Amino acid sequence: MPGAGRLIVETFESFGPDNRLVGVLSGASSGEQPILVLPNAGLVPRAGPFRVHVEIAQHFAARGIRTFRFDLPGAGESPHLAGIDARGATQAALDHLAARGIANRFVVGGVCSAADRGWIAAVDDPRVVGVVLLDGVAFKGPWFQLSRVASLLGRPREWSAFVRRRLARNSGGEEGASLITAAYRDWPTRSEAHAQLAAMIGRNVHLFFVYTHGVVEYLRDRRQLVWSFGAGFRDSRVTCHYWRDCDHTFYARFVRMRLLGAMEEWFVGAFGAGKEPHDART
């Protein structure tokens with residue numbers, strides 16, 4: 001268990017309209033370092049798939065890096081609220097942390113749709129200085145198609161099924177994976193992604209990408225990423241890993257340990273080491 005043997009202080013926080021949104025602060029209630037903010041992913045509560053957000057939060061808190069994981073409206077302990085969507089709720093979380101004096105710089109993101117929330121927050125709010133994108137946005141393009149064809153060449157029995165799918169999609173009978181993904185993810189267009197990443201780099205935002213085999217429907221080749229995001233993706237403030245031996249939920253223990261280590265190394269390199277936490281009780 002990350003942080004085992006060391007007391008981690010966790011505080012329940014309510015915020016947003018009528019204080020009806022909820023989250024958990026892990027670590028000290030103030031500090032100079034950015035705080036890692038983890039919105040929930042999809043309909044999975046703030047713990048994350050198989051509690052991966054909890055493990056990230058506790059691993060970081062044990063090393064003096066504060067985190068805040070929270071439920072968006074309609075997920076976990078946060079009810080549906082009229083007039084506030086995921087974008088507004090994420091902004092409310094950042095405003096709450098700033099108003100309480102907890103932090104005024106933020107690193108936002110997480111797994112799947114939590115990554116989307118991080119990207120959008122970085123576009124919206126100059127206080128966001130880092131983004132964590134675990135199976136976040138990417139676009140198919142020529143490298144994806146080439147990789148798929150190369151894969152099919154080694155499996156001739158799949159050609160007929162592939163041709164049938166293409167014919168059905170071209171006739172309007174089947175959606176492509178990008179359209180299916182767009183139905184439940186909140187992504188910019190590719191041209192918007194180019195401009196948005198360039199703007200983030202321009203204000204010194206650091207980005208941490210991990211892609212897994214769990215998103216093979218839209219990412220098959222690392223070379224897709226420069227095509228997806230433009231020249232800014234080659235900037236030193238962009239860190240990217242492509243782990244083909246990993247599933248979308250980071251379920252395997254060895255993968256989780258790799259993720260925690262890589263995230264910590266990136267965060268410390270970008271924003272400095274956390275101070276050792278003092279034992280304290282809430």
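Guide: A residue counts as buried when its relative accessible area is under 20%, as exposed when it is over 50%, and as partly exposed in between. Keep those cut-offs in mind while we read this predicted model.

Visitor: Is Ser228 buried or exposed?

Guide: The relative accessible area of Ser228 is 0%, so Ser228 is buried. Ser228 belongs to helix 8.

Visitor: Which residues does Ser228 touch, not counting those up to four places away in sequence?

Guide: Ser228 touches Ala138, Phe139, Arg190, Ala193 and His194. One of these, Arg190, also takes part in another feature: its charged end sits over the ring of Trp227, 3.6 Å from the centre.

Visitor: How many residues separate Glu264 and Arg63 in sequence, and how far apart are they in space?

Guide: They are 201 residues apart in sequence and 8.9 Å apart in space, C-alpha to C-alpha. Glu264 is also in contact with Arg63, along with His59 and Phe60, if neighbours within four places in sequence are left aside.

Visitor: What share of the contacts in the chain comes from residues 24 or more positions apart?

Guide: Taking contacts with a separation of 6 or more, such residues account for 73%.

Visitor: How many aromatic pairs does the count come to?

Guide: The count is 16 aromatic pairs. In one of them, the ring centres of Phe50 and Tyr251 are 4.8 Å apart and the planes meet at 70°; planes over 60 degrees apart count as edge-to-face, so this pair is edge-to-face.

Visitor: Where do Phe50 and Tyr251 lie?

Guide: Phe50 is in the loop between strand 3 (35–39) and helix 1 (52–61), and Tyr251 is in the loop between strand 8 (238–243) and helix 9 (253–271), so the pair ties together parts that are 201 residues apart in sequence. Both Phe50 and Tyr251 are exposed.

Visitor: What kind of aromatic pair do Trp187 and Tyr218 form?

Guide: Trp187 and Tyr218 are edge-to-face, with 5.0 Å from centre to centre and 75° between the planes. Trp187 lies in the loop between helix 6 (177–184) and helix 7 (190–202), while Tyr218 lies in the loop between strand 7 (206–212) and helix 8 (224–229), so parts 31 residues apart in sequence are tied together. Trp187 has a relative accessible area of 22% and so is partly exposed. Tyr218 is buried, because its value is 3%.

Visitor: Which residues do ring pairs link into a cluster?

Guide: The cluster consists of Phe60, Phe208, Trp266, Phe267 and Phe271.

Visitor: How many helices and strands are in the chain, and what percentage of its residues is buried?

Guide: The chain has nine helices and eight strands. Of its 282 residues, 49% are buried. The chain exposes about 13,000 Å², and carbon and sulfur atoms supply 54% of that area.

Visitor: Where does pLDDT stay under 50?

Guide: One such stretch is residues 170–180, for which the model has ten contacts beyond four places in sequence. Another is residues 276–282, with 13 contacts of that kind. For the chain, the mean pLDDT is 85, and 82% of residues reach 70 or more.

Note on methods:
Residues numbered from 1 in each chain as written. Predicted model: local features only at pLDDT ≥ 70, side-chain atom pairs only at ≥ 80, totals over all residues. Heavy atoms only, no water. pLDDT = per-residue confidence, 0-100. Contact = heavy atoms within 4.5 Å. Phe/Tyr/Trp six-rings, centres within 6.5 Å; stacked < 30°, edge-to-face > 60°. Helix = DSSP H or I, 4+ residues; strand = E, 2+ residues; numbered from the N terminus. Buried < 20%, exposed > 50% of the residue type's maximum accessible area, 1.4 Å probe, protein only. Lys NZ or Arg CZ within 6 Å of the ring centre and 35° of its normal. Areas by Shrake-Rupley, 256 points an atom, 1.4 Å probe, with all protein chains shown as cover.
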